[in-house]
Amino acid sequence: MNESFKLAREPLYDRAYKAILQMILDGTLKAGQRVTEAFLAELLTVSPTPVREAMRKLEHEGLLQSVGNTVRITRLSQRDVEQLYSCRQALEVIGLRFAIKKLNKEDLQKLDQILNEAEQAAARNDFVQLVRKNTEFHDSLIEASQNSWLMSVVGFVRRPLALVRIQITFNQREVTRILGDHRTILKWIEKRDIRRATLAMREHMAADCKYMIQELKEVSQRSPDGDNAPALTEAGS
């Protein structure tokens with residue numbers, strides 16, 4: 001087939017979406033900050049059309065908020081975090097119930113290895129890797145449920161929480177708590193004790209939510225004018 005007739009492997013709007021998403025998740029675009037289609041198009045050196053489609057998708061996922069003609073990076077409130085964690089807890093508990101019945105010896109060894117790597121990352125203060133491994137632990141349990149619809153919905157609920165996670169810091173006490181919670185969950189999974197495993201997951205989620213809200217309050221106190229963050233415009237001001 002002539003090269004000129006071959007379709008691109010990835011639509012331009014999808015590449016624009018991933019690029020904007022990455023800027024949100026790495027903090028380049030901050031919560032509460034105003035963004036415009038024209039500026040993002042110029043920044044990504046693409047036409048406005050794929051950026052417009054990407055922004056619609058990000059708004060649907062809760063990462064952008066539109067009020068009138070103004071679009072901002074979503075700033076989650078305490079209530080938002082509580083509601084998202086309520087949904088996440090319910091969904092991951094359902095996934096865990098399914099997963100326990102399906103995890104084999106090799107799967108359990110993989111989960112143990114993930115936690116080993118998380119503990120090693122914590123020991124060398126590599127918090128980026130620690131977060132990555134903690135996420136992998138939860139992802140592995142959801143994947144083990146073998147319910148693609150559940151995986152999709154969990155991802156949808158989790159994503160906005162990343163807006164808060166990039167703003168907060170983890171102290172050693174919190175890191176120890178997270179690692180301990182994961183070890184407890186795995187222990188009851190290995191024993192095939194659904195009741196205790198799901199209880200441990202609920203307690204873990206509740207503690208995560210409490211800490212995130214606490215840190216969110218502190219961030220707000222340190223940056224009381226966060227809602228007035230400079231807008232990104234065509235001139236980049």
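This is a predicted model: local features need pLDDT of at least 70, side-chain atom pairs count only at pLDDT 80 or more; totals for chains, interfaces and linings use all residues.
At roughly what angle do the axes of helix 4 and helix 7 cross?

1. Residues are numbered from 1 along each chain as its sequence is written, and side-chain values use heavy atoms, leaving out hydrogens and water.

2. To the opening question: helix 4 (residues 78-102) and helix 7 (residues 148-165) have axes that cross at roughly 145° and come within 10 Å. Axes are lines fitted to C-alpha atoms over the stretch in contact, with angles from 0 to 180 degrees between N-to-C directions. Helices are DSSP runs (H or I, at least four residues), numbered from the N terminus.

3. The contact residues divide into 13 nonpolar, 1 polar and 4 charged; Ala, Val, Leu, Ile, Met, Phe, Trp, Tyr, Cys and Pro count as nonpolar, Asp, Glu, Lys and Arg as charged, and the others, Gly among them, as polar.

4. Cys87 is partly exposed at 40% relative accessibility, whereas Cys209 is buried at 11%. Buried means under 20% relative accessible area, exposed over 50%, and partly exposed in between (1.4 Å probe, protein chains only). The disulfide count (cysteine sulfur atoms within 2.5 Å) is 0.

5. Finally, look at Glu136 in helix 6 (residues 127-144). Glu136 is partly exposed, with a relative accessible area of 27%. Its C-alpha atom lies 9.3 Å from that of Leu115, 21 residues apart along the chain.

Notes: Helices (H or I, at least four residues) and strands (E, at least two) are DSSP runs, numbered from the N terminus.
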